[in-house]
Amino acid sequence: MTSYTLKPYTEIPNEYQMIKKTPNTNNARIGLQYGLTDSDLQSLNTNINDLDRREWEFVEHSPENLKRLTPDTKTGNSQSWKIIVVILKENGCMKGALRGDDGTIMLMTSFSPESQLNYDRRLIKSIDTEWKICHAKMMAPLFFWREIQYRI
């Protein structure tokens with residue numbers, strides 16, 4: 001049986017990543033996070049004493065932000081998406097949870113043109129031609145994970 005847990009991300013204090021547990025491993029690497037279910041996210045233990053938002057703020061569920069968070073890929077273009085929650089850091093880094101028409105959830109991080117200059121890992125196109133999606137698993141402050149659970 002596969003389950004998920006939240007684990008602190010060692011490189012960025014106060015950010016957490018979703019770890020997949022399988023019969024063969026307790027720390028399966030997750031890439032882009034598509035196809036998550038409500039129960040996957042509700043099963044995460046967010047009962048951790050960490051309420052600090054750092055520089056992150058909730059932002060509008062606008063069509064522009066939806067385009068910035070939707071990858072221009074086969075999966076990203078396969079259905080319509082709606083924002084569940086979206087947060088933004090002053091440096092132009094945006095994180096969001098989106099729900100597809102099929103009920104599944106994807107987690108995406110997108111970078112503004114300015115913040116892309118300081119990012120040295122793989123990026124993929126978003127629907128917004130200027131913003132790029134980080135090709136990696138989600139690392140986010142705890143309040144982001146809690147907010148997803150509240151809204152689904």
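**Close-up 1. Helix α4 is mostly covered in this predicted model****.** Of the 10 residues in α4 (residues 142–151), 8 are buried. Here they are by name: Leu142, Phe143, Phe144, Trp145, Arg146, Glu147, Ile148 and Gln149. Phe144 has a relative accessible area of 0%, so it counts as buried. Trp145 is buried as well, at 1% relative accessibility.

**Close-up 2. Phe144 and Trp145 make an aromatic pair****.** The structure holds 3 aromatic pairs, and here we zoom in on one of them. How far apart are the ring centres of Phe144 and Trp145, and at what angle do their planes sit? The centres are 5.8 Å apart and the planes are at 80°, so this pair is edge-to-face.

**Close-up 3. The largest nonpolar core takes in 24 residues****.** The members that touch the most other members are Met18, Leu41, Ala97, Leu107, Phe144, Trp145 and Ile148. Which elements give two or more residues to this core? They are β1 (3–8), β2 (15–22), β6, β7 (93–100), β8 (105–111) and α4. Helix α4 gives the most, with 5 residues. Take Ile148 for a closer look: leaving aside its neighbours within four places in sequence, Ile148 is in contact with Leu41, Val85, Ala97 and Leu107. There's also a second, separate core of 11 residues, and Val86, Met94, Met108 and Ile124 are among its members.

**Close-up 4. Met106 sits buried in strand β8****.** Met106 belongs to β8, and with 0% relative accessibility it counts as buried. What does Met106 touch, not counting residues up to four places away in sequence? Its partners are Gln33, Tyr34, Leu69, Thr70, Pro71, Trp81, Gly96, Ala97 and Leu98. If you're looking for Met139 too, 33 residues apart from Met106 along the chain, the C-alpha atoms of the two are separated by 13 Å.

**Close-up 5. Cys93 and Cys134 are in no disulfide****.** A disulfide is a covalent bond between the sulfur atoms of two cysteines. How many disulfides does the model have? The count comes to 0. For Cys93, the nearest cysteine sulfur is that of Cys134, 7.9 Å away. Buried or exposed? Cys93 is buried, with a relative accessible area of 8%, and Cys134 is buried too, at 6%.

**Close-up 6. Strands β1 and β2 form a hairpin****.** The two strands pair in the antiparallel sense over 6 bridges. Which residue in β2 does Thr5 stand opposite? That would be Ile19. Between β1 and β2 there are 6 residues, and in the turn Asn14 has a positive phi of about 70°.

**Close-up 7. Gln79 is a buried loop residue****.** Look for Gln79 in the loop between α2 (63–69) and β6 (81–89). The relative accessible area of Gln79 is 18%; the cut-off for buried is under 20%, so Gln79 counts as buried. Not counting residues up to four places away in sequence, Gln79 touches Gly100, Asp101, Asp102 and Thr104.

Methods. Residues numbered from 1 in each chain as written. Predicted model: local features only at pLDDT ≥ 70, side-chain atom pairs only at ≥ 80, totals over all residues. Heavy atoms only, no water. Helix = DSSP H or I, 4+ residues; strand = E, 2+ residues; numbered from the N terminus. Buried < 20%, exposed > 50% of the residue type's maximum accessible area, 1.4 Å probe, protein only. Contact = heavy atoms within 4.5 Å. Phe/Tyr/Trp six-rings, centres within 6.5 Å; stacked < 30°, edge-to-face > 60°. Disulfide = S-S within 2.5 Å. Core = buried A, V, L, I, M, F, W, Y, C linked by side-chain atoms within 4.5 Å. Pairing = 2+ DSSP bridges.
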